[in-house]
Each structure stands twice: as structure tokens, then as C-alpha cells.
Amino acid sequence: MEMIKRPRRIRGSESLRKMVRETRMDKASLIYPMFVQEGTGKEDEIPSMPGQFRYTLDRLPYELERVMRAGVERVMLFGIPGVKDEVASGAYAADGIVQRALEVGKKEFPQLYYITDVCLCEYTSHGHCGMLCGQEVENDSTLKLLAKTAVSHVQAGADMVAPSDMMDGRVLAIRKALDQNGYKEIPIMSYAVKYASAFYGPFREAADSAPAFGDRKSYQMDMHNSREGVKEALLDVEEGADIIMVKPALSYLDMITKVRDVTNVPVAAYSVSGEYAMVKAAARNGWIDEERVMCEMAVSTYRAGAQIYLTYYAKELAKCMDEGRIG
Ligand code: PBG
């Protein structure tokens, strides 16, 4: 049979396939999300996220060491405070859980890069990401507290802050507050394109942050919208965001590509708790090959255009990269 073009020709061996790969990944692009909690001597496994734990501060260094040994050098910290209140005091307290975790981390492993999630939902008694006025989440009064939280994280040692609250104008408010406090060089990674998603379910169990009433649809994005995501991304770039994040990853690959096309900042994608939980659950039933699915999800996120990948599988992915199974 006469055929000049044969796509299979470049798929004939592993060596050749590796040479012609279009998507290449690197451990330096991985960020590992971690949960810290009050108390001592505890590593509580999150029931819906097997393999992920809430660490007390005395246990945190052991996990940081494992993360570092895996070759992952960037972490994102989430805090679960001992007490929650109406005004999220724990979010910006100098001795808050994240602030103290940063002190521990920076002292024990200064070579790691520490990013903090800036939001109020883990710290409010009602579980919403901002201040309430009746049943409404009030935008502008929330900005001050977010800015205060970001500054307190940086004072405690954060290398980068990542606001995830989806209030309007928060990037600018945080940028101004950081600058006024002398932190002009601290970058902001904005959760700019963040959808109101059922995929956050396991996280809310982990952080005990499910809203006490209603949902987050008045501030997080409607899953039907794509052009609106472009608007969010462009606004945050204008407000000074250094990196733009799309979240969740798997169901929003189109948005990763779009944001990459319309901006000139690095694009991050967050493979969220529900994505991890689905893979774990199916794998535990013997229904899928966990490692291969994990790799496929990661590769597709990078292929869509992400340069940075936040994932609960960071350590395992790093191993796959080291061993040449992906990358
Ligand atoms: C805080 C925040 C959430 C996540 C990251 N930051 C939860 C939410 O918005 O409800 C979700 C992360 C995950 O599901 O892994 N606002």
C-alpha cells in the first residue's frame, strides 16, 4: 500500500516517543497543598482523601521532609484553626495556625518555598469566604481582612500569597497592603478563575469549612461560563496578579488554554480534593490504575497550557517524573 504519511512512524519505540513529546514537565512546577491544625502529636488522615493528613505543628517537619525528599520544593499551606468566629480572627492572628506553621517550616526547611492560601472560610464560624451582612457575603468589608491576612502571612515568612476567596478587587487590595508594608517583591498567585464546584467537597471536610447556610455561588463562578473566566483573569492581571490560577483542573481544561492565550503571566491549575478523592476511591475498588490515571490527569493539565500544577499527588508525580514514566 502506498502511503507517504504514516503517523505511526514516530510512535514505534519508547525512545522515539520520548523524543517527539510535545508536553514536558518538571518537578519545579509542582506545588503540594498541606493542612495544618492546632494541637500536638496528631496526623489525622482526611477520610475522603486517603493519604492526606492534617498535621499538628510538631508533626509538620516530618512531612515536609518527605515532600522535600520526593523532590517537591513548593508547598501551599491551609490552616484549620482551633476556634472560628464571625470575623475570622484566626486568619490574621500573629499566632494563627498558618503563621506558626510558617515559622516552623522556615526554621526547619528554609530551602522550601512557602505559599499560603489567603481566604477566610476556614476561620469563619459560618464557613463563608467573607464578612456577612445578613445572609449576604459582603465584598468590600472583606477586602481589609484579606489584606490583613496576606500581610500577616508574609510577616510570618510566606514567600507568596494565593487569595482564593473570589471577592472583587482583592488582588489590588492585597497588593497595596503588601507594598505599604514593604513587601513589594512578594508575588501574588490569584485563584482568578475559580468555579463554584462540587469537586471541593472533600476539602471542606478536611478544613471543616462547608458554609453553614447557602452556597458560594454569589462569589465563585458559574460552571456554564467561559468568557467570564477570561474577564476574571484579565482583571486580576490588571490588579497586579503575578500568576493566574484555574480551579478545578480536570473539568476546566478549556479555561486553562483560554487563560494562557489571553494573558502573558504564568498559568497554574489546581487539581482539587474531589479529583483526588475520585481517583483514590476508584483505585481502591480496583477499577482503575491509580498511577496511570494520576499521570494522565497531570499531563492533560500541562498539555492544556498550565505551567504550574497544584496537586495532592505531588510526591507520587515527582516519582513518576524521576523514573521517566512521564515528563
Ligand atoms: C478556600 C479554598 C477552597 C479550596 C482551596 N481554597 C475551598 C472552597 O473554596 O470551598 C479547595 C481546594 C480543594 O478542593 O482541594 N476558599
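Methionine 166 lies in the loop between strand 8 (160-163) and helix 6 (170-180); helices (H or I, at least four residues) and strands (E, at least two) are DSSP runs, numbered from the N terminus. Phi of methionine 166 is near 65°, a positive value in a residue other than glycine. Proline 248 is placed in the loop between strand 10 (243-247) and helix 9 (253-262). Most residues other than glycine have a negative phi, and most peptide bonds are trans.

The model is predicted: local features need pLDDT of at least 70 and side-chain atom pairs count only at pLDDT 80 or more, while totals for chains, interfaces and linings use all residues. Residues are numbered from 1 along each chain as its sequence is written, and side-chain values use heavy atoms, with hydrogens and water left out.

A search of the whole structure gives two cavities of 30 Å³ or more. A cavity is a set of points, on a 1 Å grid over the protein atoms alone, where a 1.4 Å probe fits but cannot get out, and its lining residues have an atom within 4 Å of a point. Grid points are joined across faces, edges and corners, and a volume is the space filled by probe spheres set on the points.

The largest cavity has a volume of about 150 Å³. It is lined by 18 residues, of which Phe78, Lys194, Tyr200, Phe203 and Lys247 are the closest to its centre. Strand 9 (189-194) and helix 7 (201-207) are the elements that give two or more residues to this lining. The lining of the largest cavity comprises nine nonpolar, three polar and six charged residues, where Ala, Val, Leu, Ile, Met, Phe, Trp, Tyr, Cys and Pro count as nonpolar, Asp, Glu, Lys and Arg as charged, and the others, Gly among them, as polar.

The space taken by the ligand is the largest cavity (a molecule sits in a cavity if more than half of its atoms lie within 2 Å of its grid points). The ligand is surrounded by 19 residues, the closest being Lys194, Arg204, Lys247, Ser273 and Tyr312 (a heavy atom within 4 Å of the molecule). Strand 9 and helix 7 each supply at least two residues of this shell, which by class has 11 nonpolar, three polar and five charged residues.

Polar contacts are pairs of N or O atoms within 3.5 Å. A polar side-chain atom of tyrosine 312 lies 2.6 Å from an oxygen atom of the ligand, and one of arginine 216 lies 3.0 Å from an oxygen atom of the ligand. For serine 164, a polar side-chain atom lies 3.3 Å from a nitrogen atom of the ligand. Taken alone the ligand exposes 400 Å², and the protein buries 100% of that (Shrake-Rupley method, 1.4 Å probe).

The second largest cavity holds about 40 Å³ of space. Its lining consists of Ser271, Met294, Met297, Tyr309, Thr311, Tyr313 and Leu317.

Conventions. 1 Å grid on protein atoms, 1.4 Å probe; cavity = no way out; pocket = protein on both sides within 12 Å on 5 of 7 lines; lining within 4 Å. Polar contact = N/O pair within 3.5 Å; in protein donor to acceptor, adjacent residues only side chain to side chain.
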